[in-house]
Structures are given as C-alpha cells and as structure tokens.
Amino acid sequence: MELNFKYVLDMRAFDELRRLEIFFKDESRHGVSIVDLYELVQHAGNILPRLYLLCTVGSVYIKSKEAPAKDALKDLVEMCRGVQNPIRGLFLRSYLAQVSIDKSPSLGSEYEGGEDTVMDTVEFVLQNFTEMNKLWVRMQHQGPVRIREKLEKERNELRDLVGKNLHVLSQIEGVNLELYRDTVLPRVLEQIVNCEDERAQYYLMDCIIQVFPDEYHLQTLETLLGAFPQLQPTVDIKTVLSRLMERLSNYAASSLDVLPEFLQVEAFAKLSSAIGKVIKAQVDMPIVGAVTLYVSLLTFTLHVHPERLDYVDQVLGACVKLLFGKPKLEEGRATKQIVALLSSPFEKYNDIVTALTLSNYPCIMDCLDDKTNKVMAMVIIQSIMKNNTCISTADKVEVLFELLKGLIKDLDGTAVDELDEEDFNEEQNSVARLIHMLYNDDSEEMLKIICTARKHIMAGGPTRLPFTVPPLTFSALRLVRKLQAHDGNVVGGGEEPTTPKKIFQLLNEIIEALSSVPSPELALRLYLQCAESANDCDLEPVAYDFFTKAFILYEEEVADSKAQVTAIHLITGALQRMNVFGVENRDTLTHKATGYSAKLLKKPDQCRAVYTCSHLFWVDEKDGIKDGERALLCLKRALRIANAAQQMANARNGTSGPITLFVEILNMYLYFLEKGNPQITSAAIQGLVELITDEMKSNSTPDPASDAFFASTIRYIQFQKQKGGVMGEKFGPIKM
C-alpha cells in the first residue's frame, strides 16, 4: 500500500474516531458507564482496532475525570507497545498524541494533578517519543533489499510524526530551563545517540535546535554539544551545528542585553572545542565540511564577539591547522567556503586594516590554489576600494602585498602567457588602483611604504611592470610635491632625511627597470614627468639626467615612426616648460630636440615637429626665454620642409598636395607676431599668405578642409586688423 494512501486512510479513520469519541461521551446514547466501556473495549479481537478504540475511550475516560489523567495516559502509552509494525505503530502513537495533547496534566490544565503534574506530562511525551523513534528506526530493516530505496523514502516522509513529540515538549506549560536542562534534553539526547541511525540522529538533532528556545540552547550548550561527537560518522553534523550557531548569532543580534550571557557560559570556547572534537571523531569528514563549520563559527564570533579579534584569529588558526600538510585546495565547494571564511572579516568590519592584524590570515591564503588565491586577492582589493581604506604603514603594506602575491607575481611557475589577457589586465589595473591607497601624512613613513611596495612590484615580471610602475611613480612624485611644499626636506626619526633628491634616485631605479621590460614609450613619459618635478624642486642636474635618459630611450628603443612622433612632441612640450636649466644645458637639450624633429621619417611629421620646437626659444612667461631669431629659424626650416613635402607630392601624384602645412606655419607666424617676437614681420606673413594663395590656384584637386582652414585664418587676420589697438597696429601692415 502506498504511503500517501495510508496517510489518507488514517486521516479518515481519525475523523471517524473523533465522531466515535463524541458518541462515547454521551452515555445516554449507549447506556454504558465510561469505566465499563474502558474495560469493554480491551476485549476487542484484533489488537490494532482494539488499541485505537482504547485510545478513543481513554480520551473520554480522562475527560470524565473518573481516573487521574497521568494513570490513564501511562496505561495507554504502555498498551500501544502491542503494535510493533513500524508504520502502524507510528500512526497509532501519532493518534494517541493527538487525542491526549489537550488532556495532559500540565500546569493550568483542568486535568492538573499534584506537584509532579508537569513531570508526568513530560514523562508521557518522552516515553511516546522514545517508542516512536524506535519504530521509525526499525523501518530501515524492513522489507527486501530491492525495495530499500522506496522504504527509505517512506521513512523520510514519516519523520514528522516523530518530530512532533519534540514540538509538543517545547510547548508544554511549565517546562522551564531547569526541567529542560535536567530532564528533557538529557533524555532526548540519550535516545538520539543510542538509536545509532544516521537519518534519525540528523533529523532529531535539527529538531531540537529548531523547536526549543535559543535561551535554552545557550544555557545547555555544553550538554547539547557533547552529543555531537557521539553521533554516527556519516551524520551531516556540519549542517546541524551551523544552524545552531546561526540561531545563536541571531539571538545575540536580537538584543544587547543577552550578550553577557554568551560570555558567562563561554559559548565561543565550547563551540570551538566541540567543532574540534567532531572533526577528530569524524575522520572521513571532507575538507569542505570542516571548513564550513569554521565559517559558521567565524560568523558566530563576528556577530557575538566582534571586538575579540583574538577569537577571530583563533578560528583562522584552527582552520590553518586543519589544512596544514594537505595539498592546496582546488575542489570548488571547499575553495568557495575558504573565500567565504576570508571575506567575513571584511564584511563585518568594512576595513582591511583589521584583517591585516590577524596573524593566521596569510597562512590560509597560502592553502589556496592559484586561481582561488587570485579571486581572494581581488576581493581584498575591492573591499579596500569600496571602503576607501588607506593603508598607512609599511608593515601593513608588507602584510597586504603578501596576501596579494597571487596578483603581483607568478605563483608556482605559472607563465603569464597561459593567463587570459582580459582577466590579467583587469587584475593588474586593480593592483594599480590599490597603490594609490597606500598613503601616510608622515613623509618618512610614506617613503618606507613606497620602498616596500617597490620591493614587491619589481618582482612582478615584465608583463606586470607597465601596469604597476606608473602608479608607484606618481605616488612618489606626490611625496616630492609634499616635501617641496615643506622647503624640500623633512627629517624623520631615521639617520637620513627624506629629501626629493633621495626619492628621485629611487624613481630612477624604478623607471629604469620599466625601460628594460621593454616598455620604452611608457618609461619615456615617466622620465619626463620626473624631470618636470625635478624642475619644480630646482634640481637642475636631476632634471637634466632624466631628460638624458629620455633621449637615450628615444634613440635606442623607440623604433616605430608613429611612436617617435608622439615621443618627440612629448619631449618638446616638457622641455618648453622647464625653467631650471642654465644656458648650456638648455642649448644642448633644445639642439637634440630640434635635431631629432628634423629626422623623423615623414616630411609632414618633420615639419610639425620642427615648428613646434620654435616654442623652445620663445616662452610666453615673465621670465621665459625670448630668442626670437632662433624661433624664426625653426619656422623657416619648417617652411622649407613643407615645400619639400609639396614637391614630393607633385612628383608622386602630378599635382601639389594639400596646403595644410603652410596654413599651420602661417598660424605659428601669427602666434609669435601677437606675442611680440620682433623677428616676425608683416612682410613675411604677407609673403606666406600669397604663397598659400598661389598653391591653392595651382592645385587641380582642392582640399575642402585645408581651404576652410586657410579661410578661417584670413578672417582672423581681418578681425585683428579691424579691432584696433595694439593688435590692430601689429596686424595693420598685412595686406590681404
């Protein structure tokens, strides 16, 4: 018979028995006293109907109060032992529990007896629970092996019949903490341990945790936890224990008033000890199960004792001890639990600095496989960025970079070319952002931080340096600016002061490592940034040295023509902003810049680079250089190159090319005219305008963009002529 059908049949039988109970109550309808009726039904032929009738009449017997409720209930629970078929016995005892639940002699009940009223009720429920559990456990041994799976399914569906007894116990009025601690819990645990059945032990332990109050669990923690190591090795203890710790955590969070109770009963120590005993007892427990227990314990600790970092570190230490000597975790569920374990402190404290004080934190990171190590490192960085956490000491930076070593350098010989490029770039960009979060207002400590970060970053290999060196460089330059604001020298507690010159020496070494990667274009840019900072610090030799290294990189490493164009414009722009150089050093560098400009591969690039160099000789600042003649020489040289470019275009295509270069040079002439360069004459400008006009007339394939550019320039000249004043006088002689 299918179990569902049995359920339906029994429910209908229960309904009919309820009607029969109503009939038995009315003595006028059957003419038999309730005492005689109670004796009479005991002579029914078949035992199962007899016991159902006996329970029904017994219910009426108790209501009549002609016999003490406790005696009648004791009699009924003993007689029900006559049915030893597991399924029939479970349904029979379930019916007994239903009809007697409102007739137990508990406190406040109309059937209340003497002093032992509550104890009598508890004894009845415990006895019924014990017998039902025995029947339920016995089901596993029923029937042939071929239908064992079906029987286990039926057994699982019947578990609530047993569990209801524990729920009834929790609802009995008068079951206080003392009675629960001294009687109820020990008796229930004794039955659970003695049944030696995996399914029953798991389900009933979970029932205890779910149905009884949290306060009772806390006050009887030692007794409850003492049962776990005695359970069968195959019982899923981690789930039950985790639920217990979750309930206790929620109980602690419900009110601050209950927290002293946790300290009083030493809840953390007892839970920690119990977990250790369970792991030791269950030698076959998988790593993921043990780690899950420690995750739950850590969650409990963070909720109940957030201020006790020693407790947090103790949990991590226990996990390290568990994983010590074992291969690095690669199993998905286990690594996920480890990540949850390591992430918990961030989620609670919102501060990575707190985690950095935990001595066992790096040890757990070492137990992870490379992939999970990187995942955890990214979690750490994201926590720092999300909470805007500043890492303010060199010691903390040291610990942090040890945690992040999976991102900063290759682990166990993993080659970078084996990594996904997009993931790798995202990881390194995260490290780069992290470097900006390393800061201390004390200059001496900040230098130590930079040196510590440098030590780790330099070990990252050629593919990582282009990501990590720039932010480290700018972090150091920020320190230089700060020192410069304090007259360039802040003496710390050490023997040597922290000075800009000392930092520039460090930067020289850092960027030199980058230039050898090779990543010359990036290194060149950083050299120029350092040169500008050295200029602000009035350190001419240092600035000159940085420019020298930039030119060497340009000569020896920058081979791509487009990269050369970009590099020479960067050098020219940086050099133009320099005001620290003496005449000799400036002449040397400007000569180099103009020389390299004229040697670019393409004529248009040459032209633009050369006329840009004119800014090196006329700086529109109060104390800027004003060498109008050399500026004019650059413009004339650019004009010759533009002519050569036009001739080459004519020879190649049979027609002159666009006049864009001439118009650009014309605009440079106008710029210097406005700025007061005496070498720029209106005659030269007028001649250039006429040259451009002639070129446009001779060009059979006009370029609309160039024509519009020239027309706009002519309108500007006319505007300045009409404006009058100083500008009008300068532009007046130009005849259009």
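Trainee: What should I know about the model before we start?

Mentor: It is a predicted model, where local features need pLDDT of at least 70 and side-chain atom pairs count only at pLDDT 80 or more, while totals for chains, interfaces and linings use all residues. Residues are numbered from 1 along each chain as its sequence is written, and side-chain values use heavy atoms, with hydrogens and water left out.

Trainee: How many helices and strands are there in the protein?

Mentor: The protein has 38 helices and zero strands. Both are DSSP runs numbered from the N terminus: helices are H or I with at least four residues, strands are E with at least two.

Trainee: Why is Asn 535 called buried?

Mentor: Buried means under 20% relative accessible area, exposed means over 50%, and partly exposed lies in between (1.4 Å probe, protein chains only). Asn 535 has 8%, so Asn 535 is buried. Of the 736 residues of the protein, 50% count as buried.

Trainee: What does Asn 535 touch, not counting residues up to four places away in sequence?

Mentor: Contact means heavy atoms within 4.5 Å. Asn 535 touches Ala 543, Arg 577, Met 578, Asn 579 and Val 580 on that count. Asn 535 itself lies in helix H29, residues 520-536.

Trainee: Asn 128 is in helix H7, residues 117-138. Is Asn 128 buried or exposed?

Mentor: Relative accessibility is 1% there, so Asn 128 counts as buried. Beyond neighbours within four places in sequence, Asn 128 is in contact with Val 77, Arg 93, Leu 96, Ala 97 and Asn 165. Take Ala 97: Asn 128 and Ala 97 are 31 residues apart in sequence, yet 7.9 Å apart in space, C-alpha to C-alpha.

Trainee: What share of contacts between residues at least 6 apart in sequence join residues at least 24 apart?

Mentor: That share is 71% in the protein.

Trainee: Why are H27 and H28 called roughly antiparallel?

Mentor: Axes are lines fitted to C-alpha atoms, for helices over the stretch in contact, and angles run from 0 to 180 degrees between N-to-C directions. Angles under 35 degrees count as roughly parallel, over 145 as roughly antiparallel, 65 to 115 as roughly perpendicular and the rest as oblique. Helix H27 (465-485) and helix H28 (500-515) pack at about 170°, with axes 10 Å apart. H27 and H28 are therefore roughly antiparallel.

Trainee: Which classes of residue make the contact of H27 with H28?

Mentor: There are 17 nonpolar residues, one polar and no charged. Ala, Val, Leu, Ile, Met, Phe, Trp, Tyr, Cys and Pro count as nonpolar, Asp, Glu, Lys and Arg as charged, and the others, Gly among them, as polar. The contact includes Leu 472 and Thr 473 of H27, and Phe 504 and Leu 507 of H28.

Trainee: What makes Arg 308 and Asp 310 a salt bridge?

Mentor: A salt bridge is a side-chain nitrogen of Lys or Arg within 4 Å of a carboxyl oxygen of Asp or Glu. Arg 308 and Asp 310 meet at 2.7 Å, N to O. Arg 308 is partly exposed at 28%, and Asp 310 is partly exposed at 40%.

Trainee: How many salt bridges come out by this rule?

Mentor: The count is 21. One links Asp 545 with Lys 549, closest N and O atoms 4.0 Å apart. Both lie in helix H30 (540-556), four residues apart, about one turn of the helix. Asp 545 is partly exposed at 28%, as is Lys 549 at 22%. Glu 78, Arg 81 and Glu 131 are linked in a network.

Trainee: Where is Glu 266?

Mentor: Glu 266 is in the loop between helix H15 (259-264) and helix H16 (267-281). Phi of Glu 266 is near 55°, a positive value in a residue other than glycine.
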